[in-house]
Amino acid sequence: MISQAIPEASIYQPRPAKLIRTEAIAEREKLFEFEFRDGGELGHKPGQFVEISLFGIGEMPNSISSSPTKNCSFELAVRNVGNVTSALHGLTEGSTVGIRGPFGNGFPIDKLKGNDILIVAGGIGLFPLRSLINYVLDKRSDFGRLMILSGSRTPQERMFVSELEKWQERRDMELLETVDRGDEKWTGNVGVVTTLFPKVDIDPQNTFAITVGPPVMYKFVVAECKKKAIADEQILLSLERRMKCGVGKCGHCQINGVYVCQEGPVFSYAEIRKLEEAI
Amino acid sequence: MENRIIEKQNMDVFVNNLINSDAEVVGAKRKDGKYAFGKLADATELCLDYDLALYPPKSYLLPPKETLIKFELGEELEAEPVVEAERVILFGVHPYDIKAIELLDVAFSGTNPDINYLSRRAKVTIIGIDCLNPNPNAFCASLGTATTDTGFDLMLTDIGASYVVAIGSSEGEELLGKYAVTREATQSELVQRDEQRQKALAKYKVALSMSAEDLPELLDKSWDSPVFKEKSEKCLSCGSCVMVCPTCFCFDVQDDIALNLKQGERYRQWDGCMLVDFALVAGGENFRRDSETRFRHRMYRKGKYLWERYGKLGCVGCGRCASACLAEIASPAETFNTLKEERRQHD
Ligand SMILES: Cc1cc2nc3c(=O)[nH]c(=O)nc-3n(C[C@H](O)[C@H](O)[C@H](O)COP(=O)(O)OP(=O)(O)OC[C@H]3O[C@@H](n4cnc5c(N)ncnc54)[C@H](O)[C@@H]3O)c2cc1C
Ligand code: SF4
Ligand code: SF4
Ligand code: FES
């Protein structure tokens, strides 16, 4: 005896998608462009993620790297670190994968509109941020200034180099880059990403700082944002957690009582300040 | 709620009639001096006066391992959802286990309803029975889960010569009409039922030292308590406490593929936050790396997180975890009471 109706479809059933293009990003990172076999769209927001399946290997969460302004297809950028990611790296164009999603809240586009945007990317944190950056560029007049601080460990580990170069040339945005360790050819800034903060001048009232990177980075970035007097509500972070279901059931992504796959992965610092274990 | 009477000598007939119906009938059976739920072949196997079954009846709704998708790799990928559900009558479920199922019902429905769980659930009939001989580790009385008015199709209470049967659903009523010999309950029999329940409540040896509703607030103030470290130092991270728990429902998802590398299945299986790699991600970051943080997470999930999310406590006080834990640290009542005591001294 239970009153809840049985749903028609399984929340665990992925939609088949075809790999239509791959492109090397860096040594361990590759970009994958997909199209749904049924011709439908993903219908995502920047900052959301999907669960991608390679049947027989497994399923994993991955942010969407393309902007929703790009129609029909969507892109995932993936670092090869384990079972599913390495199998994905071995796929050839034309192969089929399974996709569930989009999941998660994504960046609060409506709140961002009309404001200046300060993006702070660490390493492959640029993967989900690229979706937002391209969205802002495609709807340029909806937003104020676009500033990007991007940090990589070495010049070889810079992601989306050709795009970085294009962004560097654009007049309607500012991009500052740094590497932790330079080499003979690197003429840019050397130091962790927070060393770029003194080089930008912002209007804290109207600025949203949005940061994605390795967990260790967050505390330092938040401290710099606070030094610049950005309000906690306007500091946004995307958190990574182990995820299995993506739909608020399996419990893996929990931070205290919060399910990152549902309420996140994007949180304001005001929200996670009270959450123990968040950063 | 309507109440009927089944005389004790007529109980076997009811059970056997159910066994001979189209449903699988599951009840508590004796197992090495303890009790475990299992399929009944005959009414004589059924124990109705057990104290606690080793494992909760959860596995009939959320099996330890369950196929979600079957797939076949090839030119065209074929992947079909798998939904398996059989008619099951759970016979003789204690109120705390019914309360736990009510939590699972909420967790697996809502915004992302889970077809596998809900399909099974729709085919499960629950015939409860009041627990008159509580397990020494149980603390249901203090959580309000020792009795229940909801969540069952029928609810039995042993009043000596007979069972009072409360009817909780039309389905329960139908089963009674079809398969049992019953008569109307007299007023005095209903009074006897209340007395039996009252007597049982007095038998609990463990109790939460506060009202259950006060737990979330107590935990709000207890994050830095030394209790978590003290207790968890003995933890073996074996996961037994979560595996025996009627309210734990976390799971892992994996793929299995046949040797021909073509057919395979995606399945989920029980997982638990007390296991070391529950929050581990690629790159080696583990968000609850030490047993202290895992131990605390489990306690908070039981006493606060699920309450805040679903309006139901994540613990029904069955005492299974306390019985299962070799380190003797798993009982939430013990930790909560210590925290309460700390608070008292602090305030
Ligand atoms: C919201 C979100 C967005 C992400 N976006 C990206 C992205 O854009 N690009 C990218 O390269 N990586 C991303 N990751 C990390 C990526 O999910 C892991 O690298 C990946 O799951 C590793 O899977 P694997 O099977 O190759 O590794 P294994 O170590 O073999 O992992 C086995 C299983 O563990 C779980 N798991 C392991 N690591 C992680 C992890 N870091 N996060 C969550 N679950 C994990 C997965 O369920 C996986 O199926 C993201 C993670 C999350 C949570
Ligand atoms: S609390 Fe006890 S049962 Fe639970 S993981 Fe630790 S040792 Fe095992
Ligand atoms: S936490 Fe322990 S006492 Fe509470 S419901 Fe689970 S097994 Fe029973
Ligand atoms: S990933 Fe399963 S609950 Fe969030």
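This is a predicted model: local features need pLDDT of at least 70, side-chain atom pairs count only at pLDDT 80 or more; totals for chains, interfaces and linings use all residues.
Local features need pLDDT of at least 70, side-chain atom pairs count only at pLDDT 80 or more, and totals for chains, interfaces and linings use all residues. Residues are numbered from 1 along each chain as its sequence is written, chains are lettered from A in the order in which they are written, and side-chain values use heavy atoms, without hydrogens and water.

Over all chains, the whole structure holds 16 aromatic pairs. Rings of Phe, Tyr and Trp (its six-membered ring) pair if their centres lie within 6.5 Å; planes under 30 degrees apart are stacked, over 60 edge-to-face, and the rest tilted. Phe32(A) and Phe34(A) are stacked, at 6.4 Å centre to centre and 15° between the planes. Phe32(A) has 0% relative accessibility and is buried (under 20% relative accessible area; exposed is over 50%, partly exposed in between; 1.4 Å probe, protein chains only). Phe34(A) is also buried, at 0%. Ring pairs join Phe32(A), Phe34(A), Phe36(A) and Phe74(A) in a cluster.

In chain B, Phe37(B) and Tyr50(B) have ring centres 6.1 Å apart. Their planes lie at 80°, so the pair is edge-to-face. Phe37(B) belongs to strand 3 (residues 34-39), and Tyr50(B) to the loop between strand 3 and strand 4 (65-72), 13 residues apart. Strands are DSSP runs (E, at least two residues), numbered from the N terminus. Both Phe37(B) and Tyr50(B) are buried.

Charges also sit over rings, with NZ of Lys or CZ of Arg within 6 Å of the ring centre and within 35 degrees of the ring normal. The charged end of Arg268(B) sits over Phe251(B), 4.8 Å from the ring centre. Arg301(B) lies over the face of Phe249(B), at 4.8 Å from the ring centre.

Definitions and conventions
Helices (H or I, at least four residues) and strands (E, at least two) are DSSP runs, numbered from the N terminus.
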